Amino acid sequence: MQKSEPRRNEFEIFQSIRPKLYRYAISILGNHADAEDALQEASLKVWRHIGQVAEVSSISSWLYQVVVNTCRDHLRRKKRFPLPIHTKTESAPSHDEYWVEFEAMVSHLSERQQEIIVLRFGLDFTFKEIADAISLPESTVKYQLVKAVENLRSIYLPGKEADCNEM
């Protein structure tokens, strides 16, 4: 019975951060139906493999990694591009208007930079949590974030000096 208790606690953590996971899945997949499918698939993976996971520094980072990998698999199966802009036929709910603008802005970045920007500014991840979630060294995450911010500034604020110390 002891093995089921940690499994239940970790799955409860998954359920508690599900709204953030859902927003992140939408940012990757571009629509609510695909995001819901991916989250359902990720929750099954979490439930099946939670007991096999070696100790991780942050259970929430591991959960995000499961969702990221599930969304990537979903994209590969559908051969779609990440972070599309919502069309008028599928408008986002009013509380997601910020998210739609955010998606449109970062859609000009590489896939890796999009992930890092979304995790850092969209979901308030720390550098350590991002590094754990996407399996990169923390220094690489910081470097990629600086480059992503510079790219966004060059697109949206041409001629302005980039000051990346604000992060």
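**Reading the aromatic rings**

Me: How do I read burial here: is Y64 buried or exposed?

Reply: Keep in mind that this is a predicted model. The idea is to compare relative accessibility with a cut-off: under 20% counts as buried. Y64 comes in at 2%, so it's buried.

Me: And how do I tell how the rings of Y64 and F125 are arranged?

Reply: Look at the angle between the planes; over 60 degrees counts as edge-to-face. For Y64 and F125 the planes are at 90° and the centres 4.3 Å apart, so you'd call that pair edge-to-face. Y64 sits in helix 4, while F125 is in the loop between helix 6 (111-122) and helix 7 (127-134), so to speak a link between distant parts of the chain, 61 residues apart. F125 is buried too, with a relative accessible area of 5%.

Me: How many aromatic pairs does the whole structure have?

Reply: A search finds two. Besides the one above, Y24 pairs with Y64: their ring centres are 6.2 Å apart and the planes meet at 65°, so this pair is edge-to-face. Here Y24 belongs to helix 2 (residues 18-29) and Y64 to helix 4 (residues 59-78), 40 residues apart in the chain. Y24 has 1% relative accessibility, which means it counts as buried.

Me: Which residues do the ring pairs link into a cluster?

Reply: Follow the pairs from ring to ring, and you get a cluster of Y24, Y64 and F125.

Me: What sits over the ring of F127?

Reply: For this one, check a charged group against a ring centre. The charged end of R120 lies over the F127 ring, 4.7 Å from its centre.

Notes:
Residues numbered from 1 in each chain as written. Predicted model: local features only at pLDDT ≥ 70, side-chain atom pairs only at ≥ 80, totals over all residues. Heavy atoms only, no water. Phe/Tyr/Trp six-rings, centres within 6.5 Å; stacked < 30°, edge-to-face > 60°. Helix = DSSP H or I, 4+ residues; strand = E, 2+ residues; numbered from the N terminus. Buried < 20%, exposed > 50% of the residue type's maximum accessible area, 1.4 Å probe, protein only. Lys NZ or Arg CZ within 6 Å of the ring centre and 35° of its normal.
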